[in-house]
Amino acid sequence: MIPDSLICALRSARHVVVFTGAGVSAESGIPTFRDALSGLWERFDPSELATPEAFRRDPALVWGWYEWRRMQVLKARPNPAHVAIAELAHHVPRLTLITQNVDDLHERAGSQGVIHLHGNLHRPRCFACAREPAEPLPVAEEPEGGRRLEPPRCSHCGGQLRPGVVWFGESLPVDALNAAFQAAGECDLLLSVGTSGVVYPAAEVPHRARDAGATVVHVNPQGEPTAGNREYLIALPAGEALPELLRAASGA
Ligand code: OAD
(Lines give C-alpha, C1' and ligand atoms only; values in the text may rest on other atoms or scores of the structure.)
Protein backbone atom coordinates (compact mmCIF):
# COMPACT_ATOMS: atom_id res chain seq x y z
CA MET A 1 0.00 0.00 0.00
CA ILE A 2 2.88 2.37 0.71
CA PRO A 3 5.07 2.65 -2.41
CA ASP A 4 8.64 1.41 -2.03
CA SER A 5 10.00 4.78 -3.14
CA LEU A 6 8.15 6.43 -0.25
CA ILE A 7 9.38 3.86 2.27
CA CYS A 8 12.92 4.60 1.06
CA ALA A 9 12.40 8.37 1.37
CA LEU A 10 11.01 7.94 4.89
CA ARG A 11 13.87 5.72 6.04
CA SER A 12 16.52 8.04 4.69
CA ALA A 13 14.94 11.32 5.85
CA ARG A 14 16.97 13.30 8.37
CA HIS A 15 14.24 15.79 9.20
CA VAL A 16 10.55 14.89 8.93
CA VAL A 17 7.84 17.51 9.33
CA VAL A 18 4.32 16.39 10.21
CA PHE A 19 1.70 19.02 9.43
CA THR A 20 -1.78 18.24 10.73
CA GLY A 21 -5.30 19.57 10.38
CA ALA A 22 -8.71 18.72 11.75
CA GLY A 23 -8.79 15.35 9.96
CA VAL A 24 -6.15 13.93 12.32
CA SER A 25 -8.57 14.36 15.23
CA ALA A 26 -11.69 13.21 13.33
CA GLU A 27 -11.32 9.63 14.51
CA SER A 28 -11.22 10.93 18.10
CA GLY A 29 -14.73 12.27 17.52
CA ILE A 30 -13.77 15.94 17.04
CA PRO A 31 -15.63 17.36 14.04
CA THR A 32 -13.64 18.84 11.17
CA PHE A 33 -14.56 22.23 9.69
CA ARG A 34 -15.33 21.53 6.05
CA ASP A 35 -16.44 17.90 5.70
CA ALA A 36 -19.89 17.80 4.10
CA LEU A 37 -22.62 17.19 6.73
CA SER A 38 -20.36 16.80 9.77
CA GLY A 39 -18.09 19.87 9.32
CA LEU A 40 -18.47 22.68 11.87
CA TRP A 41 -18.65 25.34 9.17
CA GLU A 42 -21.54 23.42 7.57
CA ARG A 43 -23.59 23.92 10.74
CA PHE A 44 -22.25 27.16 12.20
CA ASP A 45 -21.47 30.53 10.63
CA PRO A 46 -17.79 31.42 11.19
CA SER A 47 -18.55 35.16 10.91
CA GLU A 48 -20.80 34.86 14.00
CA LEU A 49 -18.35 32.78 16.02
CA ALA A 50 -14.76 33.06 14.86
CA THR A 51 -13.92 36.75 14.45
CA PRO A 52 -13.02 39.55 16.90
CA GLU A 53 -16.13 41.43 15.69
CA ALA A 54 -18.33 38.46 16.62
CA PHE A 55 -16.85 38.45 20.14
CA ARG A 56 -17.40 42.19 20.53
CA ARG A 57 -20.99 41.81 19.33
CA ASP A 58 -21.94 38.81 21.45
CA PRO A 59 -19.22 37.54 23.79
CA ALA A 60 -21.53 35.03 25.51
CA LEU A 61 -22.44 33.35 22.21
CA VAL A 62 -18.81 33.01 21.19
CA TRP A 63 -17.52 31.94 24.62
CA GLY A 64 -20.32 29.35 24.97
CA TRP A 65 -19.51 27.85 21.58
CA TYR A 66 -15.79 27.51 22.30
CA GLU A 67 -16.50 26.06 25.75
CA TRP A 68 -18.67 23.46 24.04
CA ARG A 69 -15.76 22.61 21.78
CA ARG A 70 -13.31 22.53 24.72
CA MET A 71 -15.65 20.12 26.46
CA GLN A 72 -15.67 17.84 23.38
CA VAL A 73 -11.87 17.82 23.36
CA LEU A 74 -11.63 17.08 27.09
CA LYS A 75 -13.87 14.06 26.60
CA ALA A 76 -11.94 12.85 23.54
CA ARG A 77 -8.87 10.64 23.49
CA PRO A 78 -5.90 10.57 21.13
CA ASN A 79 -6.44 8.09 18.27
CA PRO A 80 -3.92 5.79 16.55
CA ALA A 81 -2.81 8.61 14.24
CA HIS A 82 -1.78 10.88 17.16
CA VAL A 83 -0.05 7.94 18.83
CA ALA A 84 1.81 6.91 15.66
CA ILE A 85 3.04 10.49 15.10
CA ALA A 86 4.37 10.65 18.67
CA GLU A 87 6.09 7.29 18.15
CA LEU A 88 7.49 8.28 14.75
CA ALA A 89 9.59 10.93 16.51
CA HIS A 90 11.62 8.07 18.03
CA HIS A 91 12.32 6.49 14.64
CA VAL A 92 13.62 9.43 12.62
CA PRO A 93 16.63 11.64 13.39
CA ARG A 94 14.48 14.75 13.76
CA LEU A 95 10.74 15.39 13.68
CA THR A 96 8.89 18.71 13.82
CA LEU A 97 5.16 18.59 14.45
CA ILE A 98 3.12 21.54 13.24
CA THR A 99 -0.62 21.60 13.79
CA GLN A 100 -3.49 23.84 12.80
CA ASN A 101 -5.59 22.19 15.50
CA VAL A 102 -6.55 23.92 18.72
CA ASP A 103 -6.96 20.66 20.66
CA ASP A 104 -4.23 19.05 22.77
CA LEU A 105 -4.52 15.50 21.47
CA HIS A 106 -0.98 15.47 20.03
CA GLU A 107 0.44 16.41 23.44
CA ARG A 108 -1.73 13.85 25.20
CA ALA A 109 -0.43 11.19 22.78
CA GLY A 110 3.13 12.06 23.87
CA SER A 111 4.32 14.54 21.23
CA GLN A 112 6.56 17.32 22.48
CA GLY A 113 7.28 20.81 21.24
CA VAL A 114 4.14 20.91 19.08
CA ILE A 115 3.89 24.11 17.02
CA HIS A 116 0.29 25.37 17.23
CA LEU A 117 -0.35 27.73 14.32
CA HIS A 118 -3.96 28.50 15.27
CA GLY A 119 -3.65 28.69 19.04
CA ASN A 120 -4.99 26.45 21.76
CA LEU A 121 -8.50 26.00 23.18
CA HIS A 122 -7.02 25.46 26.62
CA ARG A 123 -5.16 28.77 26.77
CA PRO A 124 -7.74 31.58 26.98
CA ARG A 125 -6.48 35.10 27.45
CA CYS A 126 -7.92 38.51 28.24
CA PHE A 127 -9.56 40.27 25.28
CA ALA A 128 -8.40 43.62 26.74
CA CYS A 129 -4.91 43.06 28.21
CA ALA A 130 -3.98 39.67 26.61
CA ARG A 131 -2.83 38.16 29.89
CA GLU A 132 -3.63 34.52 30.58
CA PRO A 133 -5.40 33.42 33.77
CA ALA A 134 -3.04 32.00 36.40
CA GLU A 135 -5.19 28.90 36.99
CA PRO A 136 -6.83 26.61 34.40
CA LEU A 137 -10.52 27.42 34.04
CA PRO A 138 -13.06 24.92 35.34
CA VAL A 139 -15.14 23.31 32.62
CA ALA A 140 -18.66 24.67 32.35
CA GLU A 141 -21.36 22.07 32.81
CA GLU A 142 -22.28 20.46 29.50
CA PRO A 143 -22.39 23.59 27.34
CA GLU A 144 -24.22 22.89 24.08
CA GLY A 145 -23.38 24.13 20.58
CA GLY A 146 -25.76 27.08 20.77
CA ARG A 147 -25.71 27.83 24.50
CA ARG A 148 -24.61 31.25 25.60
CA LEU A 149 -22.15 31.55 28.44
CA GLU A 150 -20.75 34.77 29.91
CA PRO A 151 -16.95 34.78 29.60
CA PRO A 152 -15.09 34.86 32.91
CA ARG A 153 -13.32 38.06 33.90
CA CYS A 154 -9.57 38.68 33.84
CA SER A 155 -8.11 38.72 37.35
CA HIS A 156 -5.65 41.48 36.35
CA CYS A 157 -7.79 44.07 34.58
CA GLY A 158 -11.38 42.86 34.82
CA GLY A 159 -11.71 42.47 31.04
CA GLN A 160 -13.45 39.53 29.44
CA LEU A 161 -11.53 36.34 28.67
CA ARG A 162 -11.53 35.18 25.06
CA PRO A 163 -10.65 31.77 23.63
CA GLY A 164 -6.93 31.35 22.94
CA VAL A 165 -7.44 30.61 19.26
CA VAL A 166 -6.66 32.54 16.09
CA TRP A 167 -9.81 33.98 14.56
CA PHE A 168 -10.46 34.96 10.96
CA GLY A 169 -8.88 38.35 10.32
CA GLU A 170 -6.20 37.85 13.01
CA SER A 171 -2.50 37.21 12.53
CA LEU A 172 -0.96 33.88 13.39
CA PRO A 173 1.52 33.82 16.29
CA VAL A 174 4.72 35.08 14.70
CA ASP A 175 7.12 32.71 16.46
CA ALA A 176 5.03 29.67 15.58
CA LEU A 177 4.68 30.69 11.93
CA ASN A 178 8.41 31.41 11.58
CA ALA A 179 9.32 28.09 13.18
CA ALA A 180 6.88 26.28 10.89
CA PHE A 181 8.19 27.92 7.72
CA GLN A 182 11.78 27.29 8.74
CA ALA A 183 11.14 23.60 9.40
CA ALA A 184 9.24 23.27 6.11
CA GLY A 185 12.13 24.85 4.21
CA GLU A 186 14.70 22.53 5.81
CA CYS A 187 12.97 19.14 5.94
CA ASP A 188 13.48 16.17 3.62
CA LEU A 189 9.96 14.84 3.94
CA LEU A 190 6.67 16.37 4.99
CA LEU A 191 3.53 14.47 5.94
CA SER A 192 0.42 16.60 5.52
CA VAL A 193 -2.33 14.87 7.46
CA GLY A 194 -6.06 15.59 7.42
CA THR A 195 -6.17 19.14 6.12
CA SER A 196 -8.13 20.72 3.29
CA GLY A 197 -5.20 23.11 2.74
CA VAL A 198 -7.39 26.13 2.09
CA VAL A 199 -6.59 28.37 5.06
CA TYR A 200 -3.53 30.56 4.55
CA PRO A 201 -0.85 31.20 5.63
CA ALA A 202 -0.85 27.76 7.32
CA ALA A 203 -1.58 26.05 4.01
CA GLU A 204 1.70 27.41 2.68
CA VAL A 205 3.67 25.00 4.89
CA PRO A 206 3.51 21.95 2.54
CA HIS A 207 4.11 24.19 -0.50
CA ARG A 208 7.28 25.55 1.08
CA ALA A 209 8.53 22.03 1.74
CA ARG A 210 7.78 20.92 -1.82
CA ASP A 211 9.39 24.04 -3.32
CA ALA A 212 12.51 23.37 -1.23
CA GLY A 213 12.78 19.87 -2.70
CA ALA A 214 11.22 17.75 0.06
CA THR A 215 9.04 14.71 -0.53
CA VAL A 216 5.44 15.59 0.35
CA VAL A 217 2.88 12.99 1.43
CA HIS A 218 -0.81 13.86 1.79
CA VAL A 219 -2.88 11.64 4.07
CA ASN A 220 -6.55 12.28 3.34
CA PRO A 221 -9.35 9.89 2.35
CA GLN A 222 -10.81 12.70 0.19
CA GLY A 223 -7.47 13.95 -1.14
CA GLU A 224 -6.85 14.87 -4.76
CA PRO A 225 -4.60 12.42 -6.62
CA THR A 226 -1.13 13.90 -6.99
CA ALA A 227 0.82 13.73 -10.18
CA GLY A 228 4.02 15.39 -9.06
CA ASN A 229 7.41 13.83 -8.66
CA ARG A 230 8.12 13.18 -4.96
CA GLU A 231 4.48 13.88 -4.05
CA TYR A 232 2.20 11.12 -2.78
CA LEU A 233 -1.40 10.69 -1.70
CA ILE A 234 -2.40 8.06 0.83
CA ALA A 235 -6.18 8.12 0.54
CA LEU A 236 -6.90 6.50 3.89
CA PRO A 237 -8.09 7.74 7.27
CA ALA A 238 -5.18 9.03 9.34
CA GLY A 239 -5.77 6.36 12.01
CA GLU A 240 -4.94 3.69 9.43
CA ALA A 241 -2.30 5.47 7.36
CA LEU A 242 -0.06 6.78 10.17
CA PRO A 243 0.45 3.40 11.89
CA GLU A 244 1.34 1.99 8.42
CA LEU A 245 3.84 4.79 7.85
CA LEU A 246 5.30 4.21 11.31
CA ARG A 247 5.75 0.51 10.53
CA ALA A 248 7.45 1.48 7.27
CA ALA A 249 9.77 3.94 9.02
CA SER A 250 10.72 1.55 11.78
CA GLY A 251 11.29 -1.36 9.40
CA ALA A 252 8.77 -3.52 11.31
P1 OAD B 1 -10.89 21.10 7.27
O2 OAD B 1 -12.18 20.73 7.90
O3 OAD B 1 -10.89 22.23 6.30
O4 OAD B 1 -10.30 19.84 6.49
C5 OAD B 1 -10.23 18.59 7.12
C6 OAD B 1 -9.68 17.60 6.12
O7 OAD B 1 -9.52 16.36 6.80
C8 OAD B 1 -10.61 17.33 4.91
O9 OAD B 1 -9.85 17.47 3.71
C10 OAD B 1 -11.05 15.88 5.09
O11 OAD B 1 -11.17 15.18 3.86
C12 OAD B 1 -9.92 15.31 5.92
N13 OAD B 1 -10.31 14.18 6.79
C14 OAD B 1 -11.52 13.91 7.35
N15 OAD B 1 -11.44 12.80 8.10
C16 OAD B 1 -10.16 12.36 8.01
C17 OAD B 1 -9.45 11.26 8.57
N18 OAD B 1 -10.05 10.38 9.38
N19 OAD B 1 -8.15 11.14 8.27
C20 OAD B 1 -7.51 12.02 7.47
N21 OAD B 1 -8.15 13.07 6.90
C22 OAD B 1 -9.44 13.24 7.17
O23 OAD B 1 -9.84 21.32 8.45
P24 OAD B 1 -8.42 22.08 8.40
O25 OAD B 1 -7.74 21.86 7.10
O26 OAD B 1 -7.71 21.73 9.65
O27 OAD B 1 -8.91 27.57 11.51
O28 OAD B 1 -8.91 23.59 8.49
C29 OAD B 1 -7.97 24.61 8.52
C30 OAD B 1 -8.45 25.69 9.44
O31 OAD B 1 -9.77 26.12 9.05
C32 OAD B 1 -8.63 25.29 10.90
O33 OAD B 1 -7.43 25.31 11.62
C34 OAD B 1 -9.60 26.31 11.40
C35 OAD B 1 -10.57 26.34 10.25
O36 OAD B 1 -11.29 27.52 10.10
C37 OAD B 1 -8.97 28.25 12.65
O38 OAD B 1 -9.57 27.87 13.62
C39 OAD B 1 -8.20 29.53 12.60
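Is tryptophan 167 buried or exposed? Tryptophan 167 counts as buried, at 2% relative accessibility; buried means under 20% relative accessible area, exposed over 50%, and partly exposed in between, with a 1.4 Å probe and protein chains only. This is a predicted model, in which local features need pLDDT of at least 70 and side-chain atom pairs count only at pLDDT 80 or more, while totals for chains, interfaces and linings use all residues. Residues are numbered from 1 along each chain as its sequence is written, and side-chain values use heavy atoms, with hydrogens and water left out.

**Aromatic pairs**

- Rings of Phe, Tyr and Trp (its six-membered ring) pair if their centres lie within 6.5 Å; planes under 30 degrees apart count as stacked, over 60 as edge-to-face and the rest as tilted.
- By this rule there are ten aromatic pairs.
- The ring centres of tryptophan 41 and phenylalanine 168 are 6.2 Å apart and the planes stand at 50 degrees, so this pair is tilted.
- Because tryptophan 41 lies in helix α3 (residues 40-43) and phenylalanine 168 in the loop between β5 (161-162) and α9 (174-186), the pair ties together parts that are 127 residues apart in sequence. Helices (H or I, at least four residues) and strands (E, at least two) are DSSP runs, numbered from the N terminus.
- Tryptophan 41 counts as buried at 17% relative accessibility, whereas phenylalanine 168 counts as partly exposed at 38%.
- Phenylalanine 55 and tryptophan 167 form a tilted aromatic pair, with 5.7 Å from centre to centre and 35 degrees between the planes.
- This pair links distant parts of the chain, 112 residues apart: phenylalanine 55 is in helix α5 (residues 52-57) and tryptophan 167 in the loop between β5 and α9.
- Phenylalanine 55 is buried, with a relative accessible area of 1%.
- One aromatic cluster is formed by Phe33, Trp41, Phe44, Phe55, Trp65, Tyr66, Trp68, Phe127, Trp167 and Phe168.

**Charges over rings**

- A charge sits over a ring if NZ of Lys or CZ of Arg is within 6 Å of the ring centre and within 35 degrees of the ring normal.
- Arginine 162 has its charged end over the ring of tryptophan 167, 3.9 Å from the ring centre.
- Arginine 208 has its charged end over the ring of phenylalanine 181, 3.7 Å from the ring centre.

**Around the ligand**

- There are 24 residues around the ligand, of which Phe33, Arg34, His118, Thr195 and Ser196 come nearest; a residue is near if one of its heavy atoms lies within 4 Å.
- This shell divides into eleven nonpolar, ten polar and three charged residues. Ala, Val, Leu, Ile, Met, Phe, Trp, Tyr, Cys and Pro count as nonpolar, Asp, Glu, Lys and Arg as charged, and the others, Gly among them, as polar.
- A polar side-chain atom of arginine 34 lies 2.7 Å from a ligand oxygen atom.
- For histidine 118, a polar side-chain atom is 2.7 Å from an oxygen atom of the ligand.
- A polar backbone atom of glutamine 100 is 3.2 Å from an oxygen atom of the ligand.
- The ligand taken alone exposes 800 Å², and the protein buries 92% of that; accessible areas come from the Shrake-Rupley method with a 1.4 Å probe.

**Two loop residues**

- Histidine 118 lies in the loop between β3 (115-116) and β4 (125-126) and is buried, with a relative accessible area of 14%.
- Histidine 118 and glutamine 100 are 18 residues apart in sequence and 5.3 Å apart in space, C-alpha to C-alpha.
- Arginine 131 lies in the loop between β4 and β5 and is partly exposed, with a relative accessible area of 43%.

Technical notes: A polar contact is a pair of N or O atoms within 3.5 Å; within protein, one must be able to donate a hydrogen and the other to accept it, and residues adjacent in sequence count only if both atoms are side-chain atoms.
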